[in-house]
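Biologist: I would like to learn how to read a model like this one. Please take it feature by feature.

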Amino acid sequence: AAYRSATTDCRITNQVAVWGPIEASESALQDKWMNVVAQIDAGPAFQRSLHGWQSCMSQAGVKVYTVNEFFGLLDRRAQTEGRPNSNMGLAKTYADCLARPEAIRDGLRRHARSTFVAEQSTAIKQLMSDINAKLT
């Protein structure tokens, strides 16, 4: 066991030394992208589309006002009914009602992605170069 542990520690140390700087670069890009995603989710176009989601859910008999409230409802029902699959009908309603907001959000993300890739092209190229250098 001690030999395996030492071997594992060596592999982990080597992986951190090799991939650590790349992970730091990737993490910085990911953080920037997640900020863009958060801005889209909080933005007026997506938030307006959620009003239609709320109305659709209400018409289906599901009285929730936010996506988080919906997931809370799922959790409560799963606990009280004791069957994780008991919420399949609710899941279909959720998906049906969220189709339009997701389509809107998807369009916003696609546009934002094009802008992000253009603005971050140097960092992306450097990251890809660093990864390729480690793999060859």
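**Contacts, core and disulfide**

Modeller: Setting aside neighbours within four places in sequence, Val62 contacts Met57, Phe70, Leu73, Leu90 and Thr93. Keep in mind that the model is predicted.

Biologist: Which residues touch the most other members of the largest nonpolar core?

Modeller: That core has 13 residues, and those touching the most other members are Trp53, Met57, Val62, Val64, Phe70 and Leu90. Helices α2, α3 (67-81) and α4 each contribute at least two residues to this core. Another core, of six residues, lies apart from it and includes Leu29, Val36, Ile40 and Phe116.

Biologist: How many disulfides are there?

Modeller: A disulfide is a covalent bond between the sulfur atoms of two cysteines. Here the count is one disulfide. The bond joins Cys56 to Cys97, with an S to S distance of 2.0 Å. The link is left-handed, at -70° about the S-S bond. Distant parts of the chain are linked by this pair: Cys56 sits in helix α2 (residues 44-59) and Cys97 in helix α4 (residues 88-119), 41 residues apart.

Biologist: Is Cys97 buried or exposed?

Modeller: Buried means under 20% relative accessible area. Cys97 has 6%, so Cys97 is buried. Cys56 has 28% relative accessibility and therefore counts as partly exposed.

Biologist: Where is Glu102 found?

Modeller: Glu102 belongs to helix α4. Its relative accessible area is 30%, so Glu102 is partly exposed. Glu102 and Leu50 are 52 residues apart along the chain, and their C-alpha atoms are separated by 9.3 Å.

Definitions and conventions. Residues numbered from 1 in each chain as written. Predicted model: local features only at pLDDT ≥ 70, side-chain atom pairs only at ≥ 80, totals over all residues. Heavy atoms only, no water. Disulfide = S-S within 2.5 Å. Helix = DSSP H or I, 4+ residues; strand = E, 2+ residues; numbered from the N terminus. Buried < 20%, exposed > 50% of the residue type's maximum accessible area, 1.4 Å probe, protein only. Core = buried A, V, L, I, M, F, W, Y, C linked by side-chain atoms within 4.5 Å. Contact = heavy atoms within 4.5 Å.
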